[in-house]
Amino acid sequence: MDIMANVLLAAGCSPAMAHSLDEVEAFVGISSCLLVNMGTLSPDWVASKKLAARRAVELGKPWVLDPVGCGATPVRTASCLQLLGCGPSVVRGNASEILALAGAAGSGVRGVDSTAASKDALEAAKQLATAHKCIVAVSGEVDYVTDGKAVVGVRNGHELLTLITAAGCSLTALIAAFLTVAPQQPLLATVHALAVFGLAGEEGLKLAPRPGPGSLRVGLLDMLHLMDEATVKAGARIEVVA
Ligand code: ATP
Ligand code: MG
Ligand code: MG
């Protein structure tokens, strides 16, 4: 929660990390976008995630699902599936999470271990996007974004990002931030959030005093704050795949 909130602040947003059953609906009411992160799954938190998601849909606000660890335990997979059923605008996971989610959603795709490459989950992502009428992003060395038909690849990022806890969660939070700017263009918003996050990692590492995850964590935050249009235009590596 610390790094997710700091990533959002550095990018110019005004985040609130709300999870109380009594409060989430009111918070959705005053928010531009909702992020549902499945990291912590105590029963009352799962209930408040569902309440928040349903409220966002009622109010016509975009919301983003991060199916953290989907496939790791039966409860986790079932909870992620329930939230998927609440109608997210965008789902972002790593390859194993997207494979597990699609498998649980009945796509016939079988989940594999965390060594899966993002490309291995592309078919699963397309099936999920089509079946649930949402955008699905799979992160990895190359990030893929699809609406079920179009596929866009983003080649920004650095392997060291995988050694920072909740880098993926923060990436999903940044997608939510970009959706607030372009709620009617979720594919475009997602692609650009992935490019900017990855680029902030690349550039952040250049600023870092040492080439390690601790310095990268700091450099990533700094670069999200310092990022300008020229840096994005020069550094974004986005390509239409299909
Ligand atoms: P977390 O463990 O924090 O939940 P995650 O597994 O959900 O993370 P990742 O797939 O690790 O998410 O993606 C986090 C960021 O790291 C993304 O910006 C992604 O593009 C980048 N990334 C992941 N693997 C690589 C890699 N091999 N090379 C370059 N960038 C990478
Ligand atoms: Mg990871
Ligand atoms: Mg993750």
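Reply: Here is a walk from the ligand shell through the helices around it.

This is a predicted model, in which local features need pLDDT of at least 70, side-chain atom pairs count only at pLDDT 80 or more, and totals for chains, interfaces and linings use all residues. Residues are numbered from 1 along each chain as its sequence is written, while chains are lettered from A and ligands numbered from 1 in the order in which they are written.

Start at ligand 1. Its shell holds 18 residues. A residue counts as near a molecule when its C-beta atom, placed from the backbone, lies within 6 Å of it. The closest are N94, S139, G157, L161 and G168. By type, the shell has seven nonpolar, eight polar and three charged residues. Here nonpolar means Ala, Val, Leu, Ile, Met, Phe, Trp, Tyr, Cys and Pro; charged means Asp, Glu, Lys and Arg; the others, Gly among them, are polar.

α7 (167–181) and α8 (186–207) each give the shell at least two residues. Helices are DSSP runs of H or I with at least four residues, strands are runs of E with at least two, and both are numbered from the N terminus. The largest share of the shell, four residues, comes from α7.

Now look along α7. L179 is placed in this helix. L179 is buried, because 27 other C-beta atoms lie within 10 Å. The cut-offs are 20 or more other C-beta atoms within 10 Å for buried, 12 or fewer for exposed, and partly exposed in between, with C-beta atoms placed from the backbone. Leaving aside neighbours within four places in sequence, L179 is in contact with C33, P62, V64, S89, V90, P186 and A189. Contact means that the C-beta atoms of two residues, placed from the backbone, lie within 7 Å. V90 is 89 residues from L179 along the chain, yet their C-alpha atoms are separated by 9.1 Å.

A166 is not a glycine, but its phi is positive, near 65°. A166 counts as partly exposed, because it has 19 C-beta neighbours inside 10 Å.

Move on to α8. This helix packs with α9 (residues 213–226) at an angle of about 115°, and the axes are 7 Å apart. Axes are lines fitted to C-alpha atoms, for helices over the stretch in contact, and angles run from 0 to 180 degrees between N-to-C directions. From α8, the contact uses A200, G201, E203, G204, L205 and L207; from α9, it uses L216, G219, L220, D222, M223 and L224. These residues divide into seven nonpolar, three polar and two charged.

α1 (residues 2–10) has M4, V7 and L8 as its buried residues. They lie on the same side of α1, because they cover an arc of only 95° around the axis. That arc is taken from the directions from the helix axis to the C-beta atoms. An α-helix has 3.6 residues a turn, so residues three or four places apart point the same way. The buried residues of α1 pack against α7 and α9. After α1 comes G12, with a positive phi near 95°.
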